[in-house]
Amino acid sequence: MFRFSSPALRRLSLSSFTLAVALLAPASPLFAQGLPPPVVGALRVAHIPQQNTGVVVVDAESGKRLLASSNVGQPFNPASVMKLVTTDAALEILGPTYTWKTQAYIDGSLAGGVLNGDLILKGGGDPKLVLENFWLFLRQLRARGIKDIRGNLVLDRSYFAESSYDPSQFDGDPQKPYNAGPDALLLNYRTQAFRFEPDAAAGVVNVSMDPPMAGFTITPPRLSQEPCGDWQGKLMLNNDLNGASFGGTYAADCGPRVWYVHPYRMNNAQYVGASFVQMWAELGGSFSGRVVNGVVTPSARLMVEVQSPTLPEVIRDINKYSNNVMARQVLLTLGAEMTGQPGDTVNAARVVRGWLNDKGIDTNGLAIENGAGLSRVERVTPSLLASVLVQAYRSPLMPEFVSSLPLVGYDGTMRRRLKTQSVAGQAHIKTGTLNDVRSIAGYVQAASGKTYVVVFLINHAAAPNGQKAQDALLQWVYENG
């Protein structure tokens, strides 16, 4: 296991100890049971017992001035707030200039544009290998003189360990994009974007799809004149590796719409292969082989290598928009880079736990399943989250980390909340949502100019009613901090 032992880290570990003492101290008598009155009132209206909440509000710079607290040492399901632990660990361990690499090799002879042999695509875990970047990747291959591929397309996905992943396990809805699993060669978040354009004059619905896929047929829905309503439910999608059939209707009243779907009946090799064949043909190339899984052979030659955006850009997408599969890619990358390939969740979780321990942060109650928070298993204490956020605020990488969080009232998952309140634009807050979980964590710059770490976790059947209590805390911190 790696260890961090610099003087700066020792100072950070001491601050963690100071913060832990502050969090375990009795709550201020100024607030009922450690919470401000507006929050207590909002929880009462929402029928959420305070014992089902975990709250910390503490000075971000010193970690000493505790304004509010509730059940700070109790483990809670954090939902997507878990991404803060994963992304901060990655930023500190991998560094702000870290990028993922995707490579193309050839194994065979290349002459006159004809490759008599295999093209091998080696994935490096890139969380953001979107269609535009993949097209440019293939365009570079064409520029290297490859046109007709007469061998196989070999997909090397060995950077991550193979695992059996059931996309229906979490909530029984495997076609939801957030249920896509990680992969060393993850293309376009493993989603399909169906675009619907009703043509009332012709009485039809035109449907297109990204990414375009060879051999994939689309049967459009019938055009209807009923109200738009639950337009996705009315489409009656049947989606498999050969095509998508919409057996229902699409209302003209809906206008143009886009539906993002996880094609769970298509494995990753089929998804990447069909996308490659179609895009390669559009670039003027031809391919007559099969798409197979494999590894880079000793005799293979590197032809093209492309890099992802830097890690700060990736974690911005993860935290602003709560992208689950990207967070899973980052966690597995920590395992691959720090314990050796292939990366797996068990070793990655050990890396994160070791990083926290070396910072002096108590990991009791911590449970990591995938690092994204899309889990019934993951647990974290408010104290641990607050400690991570305090140390992140004191880190040289603070600007990169804080700017990755949604800005209250302006963007990301907080763009519609507190828009008319004075805290709007004064807080960077990550959100988390499951059926029985509502969570927020991040930073509030109070009217006084002081910055506070805020953590508010709710685990209760009535958690969906808890947003007003969380918003009340953010506004209260802004006014009173």
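Predicted model: local features only at pLDDT ≥ 70, side-chain atom pairs only at ≥ 80, totals over all residues.
**Aromatic rings**

- How many aromatic pairs turn up in a search of the whole structure? The search finds 12.
- Take F276 and W280: their ring centres are 5.5 Å apart and their planes meet at 15°, so this pair counts as stacked, the cut-off for that being under 30 degrees.
- Helix α6 (residues 268–282) holds both F276 and W280, which sit four residues apart, or about one turn of the helix.
- F276 has a relative accessible area of 0%, so it is buried, and W280 also counts as buried, at 0% relative accessibility.
- Are the rings of Y393 and Y443 stacked or tilted? Their planes stand at 35° with the centres 5.6 Å apart, so the pair is tilted.
- Y393 belongs to helix α10 and Y443 to strand β19 (residues 437–445), so their pairing ties together parts that lie 50 residues apart in sequence.
- One aromatic cluster brings together F194, F196, W231, F246, Y250 and W259.

**Salt bridges**

- Nine salt bridges come out of a search of the whole structure.
- E92 and K359 form one of them, with 3.0 Å between the closest N and O atoms.
- This pair links distant parts of the chain, 267 residues apart: E92 is in helix α3 (residues 83–94), while K359 is in the loop between α9 (345–358) and α10.
- D210 forms a salt bridge with R195, where the closest N and O atoms are 3.5 Å apart.
- Here strand β8 (residues 204–210) supplies D210 and strand β7 (residues 192–199) supplies R195, so the pair ties together parts 15 residues apart in sequence.
- D210 is partly exposed, with a relative accessible area of 28%, and R195 is partly exposed too, with 32%.
- D471 forms a salt bridge with R417, the closest N and O atoms being 2.7 Å apart.
- Where do D471 and R417 lie? D471 is in helix α12 (residues 467–480) and R417 is in the loop between α11 (398–402) and β18 (427–434), so the bridge ties together parts that are 54 residues apart in sequence.
- Why do D471 and R417 count as buried? Buried means under 20% relative accessible area; D471 has 12% and R417 has 11%, so each of them falls below that cut-off.

Notes
Residues numbered from 1 in each chain as written. Heavy atoms only, no water. Phe/Tyr/Trp six-rings, centres within 6.5 Å; stacked < 30°, edge-to-face > 60°. Helix = DSSP H or I, 4+ residues; strand = E, 2+ residues; numbered from the N terminus. Buried < 20%, exposed > 50% of the residue type's maximum accessible area, 1.4 Å probe, protein only. Salt bridge = Lys/Arg side-chain N within 4 Å of Asp/Glu carboxyl O.
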